[in-house]
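Visitor: Please take a close look at one part of this model, the contact surfaces of a single chain, and describe what is found there.

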Protein chains: 2
Amino acid sequence: MSDTSCAACPLRAQGGFTQVSDAELAFIEKFRRRESTLGPGEAILREGESSSLLFTLRAGWAFRFRSLPDGRRQILNFLLPGDFIGLQAELSGQVPHGVEALTPVRLCVFPRDELWDLYRGFPGLAYDLTWLSAHEELIVDENLLGVGQRSAMERIAMLLVHLYKRARSVGEGDESGVNFPLNQQHIADALGLSLVHTNKSLRRLHAYGLHELSANRLRILKVEALQRLADYYALPLRARPLI
Amino acid sequence: MSDTSCAACPLRAQGGFTQVSDAELAFIEKFRRRESTLGPGEAILREGESSSLLFTLRAGWAFRFRSLPDGRRQILNFLLPGDFIGLQAELSGQVPHGVEALTPVRLCVFPRDELWDLYRGFPGLAYDLTWLSAHEELIVDENLLGVGQRSAMERIAMLLVHLYKRARSVGEGDESGVNFPLNQQHIADALGLSLVHTNKSLRRLHAYGLHELSANRLRILKVEALQRLADYYALPLRARPLI
DNA sequence: CGATCGCTTGATCGCTATCAAATCGTGTGG
DNA sequence: CCACACGATTTGATAGCGATCAAGCGATCG
């Protein structure tokens with residue numbers, strides 16, 4: 001697949017993202033080295049390794065995770081189109097978490113060592129990067145609140161609503177639902193639950209008739225009810241920067 | 001108490017922070033509007049409210065939290081001297097979390113609406129802000145990993161080691177221990193445990209003789225053993241930016 | 001067609017929550 | 001100085017949510 005020009009970026013075209021100036025766009029185009037494609041289950045970043053690369057997820061879903069020596073794994077957050085990957089690395093470039101593709105993904109690849117040019121020449125983009133970082137932290141905060149304080153059912157309801165809204169906000173799916181590439185193990189790892197209990201809770205929640213989840217497709221029938229059940233009221237999603 | 005000049009900042013003097021140029025220091029000095037002092041339990045930021053202010057915690061401890069409508073509260077992370085407060089607010093300035101002082105705190109206060117001057121004129125400081133944001137996310141990641149995957153005892157051991165190391169890294173305490181202003185309710189809220197269970201686990205952990213915790217003072221006797229118990233191996237703390 | 005992976009279900013265990021109450025230290029007012 | 005209130009800590013008893021163990025089912029794939 002050949003690389004698309006940033007000016008013709010289908011993601012940027014589809015709205016929900018902030019505007020950039022022509023000069024900024026030109027810089028981004030130059031900053032981006034190439035595009036890259038990976039399949040489901042492939043590693044974008046490996047836990048504990050160094051990477052001199054940064055990415056923007058242009059298409060597809062992925063997730064960020066950390067694990068313990070004995071194999072327990074915690075999914076920290078899910079990455080959807082427009083999300084930026086790799087900021088958390090310390091200067092050394094070593095990332096304490098892994099990032100793995102959930103679906104086929106399309107990545108824009110940037111060289112970390114030219115990040116400085118961005119800060120020096122394009123304060124607007126620099127600001128955007130900080131914003132993206134702070135925004136991702138906000139999502140992790142929300143997960144932590146859920147995992148620390150909510151019951152299993154509440155957590156699941158929250159996750160479904162959360163991902164549904166985010167997917168819709170980047171233009172995926174429609175009234176009939178969105179693609180939903182997580183399996184139950186992913187849900188369990190994201191919510192700090194066992195696989196078995198996740199299955200049982202999911203089943204019990206399904207019996208309420210507030211959502212449909214089948215064949216990789218998620219449909220939310222009663223958003224309000226689900227949100228009430230989870231005590232989860234997401235802030236409205238604003239236009240966000242895209243680099 | 002009169003304001004200190006940034007050039008004479010006792011925090012910056014004490015090492016562990018990255019260097020800034022004279023020009024940057026001068027900007028920070030101008031950017032900072034005033035200092036402010038709050039007592040334990042006082043709110044630095046109120047959950048859900050808007051704030052046009054940003055802060056650097058110059059002295060004292062605080063914590064960031066979110067709560068659910070029914071009162072359950074999750075502490076997201078603890079703030080120690082040098083930490084920057086308020087980045088997570090969306091452009092509107094609305095913060096989804098609260099920040100509360102644990103000890104008497106001394107804050108440097110910055111006007112959010114001049115943040116743009118920093119990005120335009122001082123790319124190095126802009127970079128630092130992104131770094132601080134990403135670094136805080138890293139800490140929240142770690143908490144999420146713990147709350148999602150670790151047992152009660154492991155979580156407590158982790159928290160003690162984590163806070164001890166951070167406190168030491170900003171120059172607090174000595175071999176004989178550090179001040180430790182959390183009560184058991186704070187620990188419970190940070191780790192997603194009930195107060196009663198926190199107490200019992202703390203007690204059981206204390207019986208192992210790996211630490212001493214009394215009268216607001218924490219002493220770690222066997223760091224290695226505690227870390228092994230928690231499966232927690234913190235990355236070495238690097239020099240960090242201070243704004 | 002056997003193998004593998006993800007989903008489902010039942011039985012049992014145990015960690016942690018919840019309920020209840022006692023203890024202790026501290027500050028306050030009589 | 002004592003009585004009292006209040007917050008933080010501690011302890012015991014009981015309940016329950018979610019983990020763990022074990023097994024079966026269904027679909028996809030080489």
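Guide: R73(A) and D189(A) form a salt bridge, with 2.8 Å between the closest N and O atoms; the term stands for a side-chain nitrogen of Lys or Arg within 4 Å of a carboxyl oxygen of Asp or Glu. Across the interface of domain 1 and domain 2 of chain A the rule finds two salt bridges. Strand β5 (residues 73–79) of chain A gives the most to the side of domain 1 that touches domain 2, with five residues; strands (E, at least two residues) and helices (H or I, at least four) are DSSP runs numbered from the N terminus.

This is a predicted model, in which local features need pLDDT of at least 70 and side-chain atom pairs count only at pLDDT 80 or more, while totals for chains, interfaces and linings use all residues. Residues are numbered from 1 along each chain as its sequence is written, chains are lettered from A and ligands numbered from 1 in the order in which they are written, and side-chain values use heavy atoms, with hydrogens and water left out.

The domain assignment of chain A gives domain 1 (6–123) and domain 2 (144–230), with bounds that come from an automatic or database assignment. The contact (heavy atoms within 4.5 Å) takes 14 residues from domain 1 and 16 residues from domain 2. Taken over C-alpha atoms, the centres of the two domains are 25 Å apart. Between them the domains bury about 1,300 Å², 62% of it on carbon and sulfur atoms; buried area is the accessible area (1.4 Å probe) that two parts lose on being put together, summed over both.

Chain A also meets chain B, with 52 residues of chain A in contact with 52 residues of chain B. These chains bury about 4,700 Å² between them, 62% of it on carbon and sulfur atoms. E137(A), L144(A) and Q149(A) supply 15% of the area that chain A buries against chain B, more than any other three residues. The count between the chains is 10 salt bridges. R66(A) forms a salt bridge with E142(B), the closest N and O atoms being 3.4 Å apart. On the side of chain A that touches chain B, β4 (62–67), β5, α3 (115–121) and α4 (123–149) each supply at least two residues. Helix α4(A) gives the most to that side, with 22 residues.
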